[in-house]
Amino acid sequence: IVSDLLAHKADCESVDRDNLRPIHAAAICERRDVLALLLRATKPIEGIEWTVDGLIRDAKANDGYVMDADQAAGISPPAATNGTSSLASPVVVSKEDAARAAGLKQQGDDAFRSGNY
């Protein structure tokens, strides 16, 4: 799918509501095949070793997220102007909510693996 999207000029620099690019998701999921494709199509992020292994190492070292240049410089993402949410302010999550989220994620992962979705 990724190669088809790239062939049709998909924007590799687009970001989601958390200010993450497609290459971030590929690194978090350790999708080496997808990273290899996106490395050639995505503008390098300063301060990160721009290789498949470098991106995966960075994702693991940063709580599952590849640090982008603005985050590395301590700059918050700009506030959304189109009515969508933005993470311009730090998000505080209680231990209880984090534990609940982890449990729900595990349930989702289990359901996906078993095809029960």
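## Overall architecture

From the N terminus on, the elements of the protein follow the order α-α-α-α-α-α, and the totals are six helices and zero strands, where helices (H or I, at least four residues) and strands (E, at least two) are DSSP runs numbered from the N terminus. This is a predicted model, in which local features need pLDDT of at least 70 and side-chain atom pairs count only at pLDDT 80 or more, while totals for chains, interfaces and linings use all residues. Residues are numbered from 1 along each chain as its sequence is written, and side-chain values use heavy atoms, with hydrogens and water left out.

Of the 117 residues of the protein, 21% count as buried, a class that means under 20% relative accessible area, as against exposed at over 50% and partly exposed in between (1.4 Å probe, protein chains only). The accessible surface comes to about 8,400 Å², and carbon and sulfur atoms hold 54% of this surface; such areas come from the Shrake-Rupley method with a 1.4 Å probe, and for residues only the protein chains shown count as cover. Among the contacts with a separation of 6 or more, 38% are accounted for by residues 24 or more positions apart, a contact being heavy atoms within 4.5 Å.

## Confidence of the model

The average pLDDT of the protein is 78, and 74% of the residues score at least 70, pLDDT being the predictor's confidence in each residue, from 0 to 100. Among the elements, helix α3 (residues 32-41) has the highest mean value, 94, whereas helix α5 (residues 69-72) has the lowest, 55. Over residues 78-88 the pLDDT is below 50, and this stretch has twelve contacts in the model beyond near neighbours in sequence.

## The nonpolar core

The largest nonpolar core has 14 residues, and those with the most contacts inside it are I23, L35, L38 and L55; a core of this kind is a set of buried Ala, Val, Leu, Ile, Met, Phe, Trp, Tyr and Cys residues joined through side-chain atoms within 4.5 Å. Two or more residues are given to this core by each of the elements α2, α3 and α4. When its neighbours within four places in sequence are left aside, L38 is in contact with V2, L6, C12, P22, I23 and A26.

V34, which has its place in helix α3, is buried, with a relative accessible area of 14%. Not counting residues up to four places away in sequence, V34 touches V2 and A26. Between V34 and P22 the separation is twelve residues in sequence and 9.3 Å in space, C-alpha to C-alpha.

## Salt bridges

The count of salt bridges comes to six, under the rule that a side-chain nitrogen of Lys or Arg lies within 4 Å of a carboxyl oxygen of Asp or Glu. One of them joins the side chains of E30 and K60, at 3.6 Å from N to O. E30 lies in the loop between α2 (22-28) and α3 and K60 in helix α4 (residues 52-61), so this pair ties together parts that are 30 residues apart in sequence. K60 counts as exposed, at 57% relative accessibility, whereas E30 counts as partly exposed, at 41%.

A salt bridge also joins the side chains of D53 and R32, with 2.6 Å from N to O. This pair links distant parts of the chain, with D53 in helix α4 and R32 in helix α3, 21 residues apart. D53 is partly exposed at a relative accessible area of 37%, and R32 is partly exposed at 44%. R31 forms a further salt bridge with D33, for which the closest N and O atoms are 2.7 Å apart; R31 counts as partly exposed at 41% relative accessibility, as does D33 at 44%.

## Backbone details and the last helix

Most residues other than glycine have a negative phi.

Helix α6 (residues 95-114) has 20 residues and reaches 29 Å from its first C-alpha to its last, close to the 28 Å expected at 1.5 Å a residue, the expected span being 1.5 Å times one less than the number of residues. After α6 comes G115, whose phi is positive, near 75°.
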